Amino acid sequence: MDDFTWGMVQIVGVHTILGLSAYVILLTGQVSMAQAGFVAIGAYVAGMLTVLAEWHIIPAMVTGGLAASVLACIVGFPALRIRGLMLVVATIAFGEFVRLFWFNFDYRIAKGDIVVGPEGGEGFKQIRFFPENGWTTQDVAVFVWVVAAIILATLWWMDRSRAGKVLRAVGEDEMAAQSVGINLTVVKVAAFTAGGFIAGIAGAIYAHYTTHIEHLNFDILMATFAIAYPILGGLANVWGTLFAAFFIQVIVIEVLRDLGDVRNLMFGALIILVMNFLPHGLFSAKVVRKLKEWMGIGKMSDA
Amino acid sequence: MEFVDYLQAVTDGVMQGAYYALIGIGFTLIFGVMNKINLAYAAAAFGGAYASLGIAALIGSGDDFGLPPLLMFLASAVAAGLFAWIVYTICFRFTPDHYELATLMATVGAFFLIEEIAVHATDGEPMDFPEVLQGIIEDPMIEFSDAFAIRGDLLTIFLLALIAMAVLLLLLYRTKLGLATRAVAQQRTAAQLCGISVDRTNASTFIIAGVLGGLAGAMIGAAVGVLSPLLFVPLTVKGLIVTVIGGLGSIPGAIVAGLLVGGLENVFLALRGITERDMYVMLLLFLFLAFRPQGLFGKKVLRD
């Protein structure tokens with residue numbers, strides 16, 4: 001495979017992580033349009049740690065994720081007072097607020113004969129951990145997918161544990177969940193915190209493979225991608241998110257590159273079409289059940 | 001800054017706040033009737049303004065601009081009404097009623113669709129939009145002193161917006177269509193039992209909101225001087241902030257909040273500059289969410 005293909009592998013990996021960050025929060029029935037903001041925090045924090053403080057990528061990535069999760073936790077609290085549509089507005093505004101914060105953020109230091117660090121509207125250039133340490137595109141792609149696989153496996157396992165059931169119970173019916181003794185506060189804030197951590201991880205990786213980030217990378221389009229993957233893919237399990245990230249990034253954006261501008265129109269049109277014909281996403285609970293029956297996995301329940 | 005500078009900033013801002021108020025009313029109307037947010041609303045409003053430019057380009061030729069400014073407003077309003085109806089049909093009509101996530105996502109899709117069509121049609125370049133009094137009075141200013149003046153074009157826009165709001169309130173409170181709209185907003189099932197077609201009422205509400213949005217879109221074009229796809233996201237965010245500060249579903253709330261946000265925004269602009277302005281507007285929203293989540297005029301009930 002050439003570098004371009006490995007580059008695609010990286011992009012799909014990062015977008016899968018991005019989608020999973022929104023997936024956790026969506027399970028509790030909350031829509032967060034702030035994911036791009038959490039990604040931005042992870043990206044800038046991790047970037048500053050590797051460039052300015054010369055950390056290794058892994059501790060920098062985890063710290064970026066933690067920083068984003070702290071902010072997400074703070075955002076999660078108002079989510080207890082406001083629900084549904086108000087939360088959409090609040091999170092859109094929060095995401096834009098974070099973007100504008102980095103737009104105004106300027107902190108540069110001299111390193112050798114060049115000046116490095118985030119430079120407001122000019123963005124944050126020279127995040128060169130990978131090239132400086134001799135990682136090839138292939139190495140980076142493998143690294144991205146190791147991280148993505150860990151997150152996928154953790155969420156897949158969580159889905160089958162009690163924690164997953166609790167999240168889904170809150171998502172299905174808050175009142176019923178509360179009446180069986182589920183603490184809504186803890187569950188909602190935990191979902192936001194976990195979603196923020198995962199988004200921060202996605203941001204840290206994103207900053208390092210693009211080597212140049214600016215505030216405009218973290219706009220509403222990125223926030224939309226984050227919730228679009230799990231919603232289009234379906235919330236029945238983590239694989240829907242993976243599939244949707246692959247489908248949109250590879251099929252819609254890359255394979256159809258020859259279509260030029262028309263391709264951009266297709267993203268919006270595709271969302272509208274899927275929501276009209278498959279409102280619960282491609283792999284909704286119903287479809288997954290049928291697939292399992294068809295493959296002979298779900299026979300147990302019939303017996 | 002001296003007092004008169006603040007006065008100037010607030011005056012300009014409140015007049016510009018008129019179009020925030022119109023956008024906020026649109027969001028709030030749709031929320032009131034359908035209990036859902038139409039994130040494609042501001043995009044459709046700008047779509048109308050773009051369409052009016054297209055119509056003018058078709059009619060006019062060379063230096064002769066096809067439409068007088070006031071007809072531009074009308075064309076924009078009609079086109080945006082049509083776009084709003086299309087958004088209703090593709091995003092609301094056939095998506096499940098009880099699963100608002102699907103509708104929300106579909107309106108986000110519609111937002112990007114409209115934005116991309118605008119980018120595609122104009123190659124992403126900002127388009128010049130005529131001033132509201134172009135050809136009638138050149139560069140109108142009502143000067144009170146050296147430091148304080150009222151821009152004539154903004155004043156005209158402000159008055160036009162007030163007229164549009166008055167017509168809307170008349171429509172809602174003095175006509176049968178308005179009665180039906182309020183009935184559906186209050187209790188959908190009961191309205192249906194009285195023989196009101198919920199679907200038709202929803203569609204008409206979208207068209208009314210769209211017409212207001214189209215006016216707002218043309219006003220923004222006339223006040224700023226250009227139309228650009230870069231305006232879509234900020235105006236959507238501002239409109240939503242105005243809606244929440246005013247109280248979801250409250251029309252007077254949207255009007256007051258629109259003027260308030262417009263006025264304060266200009267003070268923030270004067271104090272902190274263009275790059276930080278919107279951050280303070282968002283902080284204002286967070287203050288409201290923390291201390292008065294029902295907004296200025298909203299009902300106490302927050303659980304939907």
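User: How many cavities of 30 Å³ or more are there?

Analyst: This is a predicted model. The count comes to 4 cavities of 30 Å³ or more.

User: And how much space lies in the largest cavity?

Analyst: About 100 Å³.

User: Which residues line the largest cavity?

Analyst: From chain A, the lining has Met33(A), Ile92(A), Ile220(A) and Thr224(A). From chain B, it has Leu39(B), Val108(B), Phe111(B), Phe112(B), Val233(B), Thr236(B) and Val237(B).

User: Which elements give two or more residues to that lining?

Analyst: Helix H11 (220–233) of chain A, plus helix H4 (100–122) and helix H9 (232–246) of chain B.

User: What is the lining like by class?

Analyst: The largest cavity is lined by 9 nonpolar and 2 polar residues, with no charged ones.

User: Switching to packing. At what angle do H9(B) and H11(B) pack?

Analyst: H9(B) packs with helix H11 (residues 274–291) of chain B at about 30°, and the axes are 10 Å apart. Because of that angle, H9(B) is roughly parallel to H11(B).

User: Left-handed or right-handed crossing?

Analyst: The crossing of H9(B) with H11(B) is left-handed.

User: Which residues make the contact?

Analyst: H9(B) contributes Val237(B), Lys238(B), Ile241(B), Val244(B) and Ile245(B). On the H11(B) side there are Arg277(B), Asp278(B), Val281(B), Met282(B), Leu284(B), Leu285(B), Phe288(B) and Leu289(B). Val237(B) is also in the lining of the largest cavity.

User: How many charged residues in that contact?

Analyst: The contact of H9(B) with H11(B) has 3 charged residues, alongside 10 nonpolar and no polar ones.

Definitions and conventions. Residues are numbered from 1 along each chain as its sequence is written. Chains are lettered from A and ligands numbered from 1 in the order in which they are written. This is a predicted model: local features need pLDDT of at least 70, side-chain atom pairs count only at pLDDT 80 or more; totals for chains, interfaces and linings use all residues. Side-chain values use heavy atoms; hydrogens and water are left out. On a 1 Å grid over the protein atoms alone, a cavity is a set of points where a 1.4 Å probe fits but cannot get out, and a pocket is an open set with protein on both sides within 12 Å along at least five of seven lines; lining residues have an atom within 4 Å of a point. Grid points are joined across faces, edges and corners, and a volume is the space filled by probe spheres set on the points. Helices (H or I, at least four residues) and strands (E, at least two) are DSSP runs, numbered from the N terminus. Ala, Val, Leu, Ile, Met, Phe, Trp, Tyr, Cys and Pro count as nonpolar, Asp, Glu, Lys and Arg as charged, and the others, Gly among them, as polar. Axes are lines fitted to C-alpha atoms, for helices over the stretch in contact, and angles run from 0 to 180 degrees between N-to-C directions. Angles under 35 degrees count as roughly parallel, over 145 as roughly antiparallel, 65 to 115 as roughly perpendicular and the rest as oblique. A crossing is left-handed if the near helix is turned anticlockwise from the far one by less than a right angle, and right-handed if clockwise. Contact means heavy atoms within 4.5 Å.
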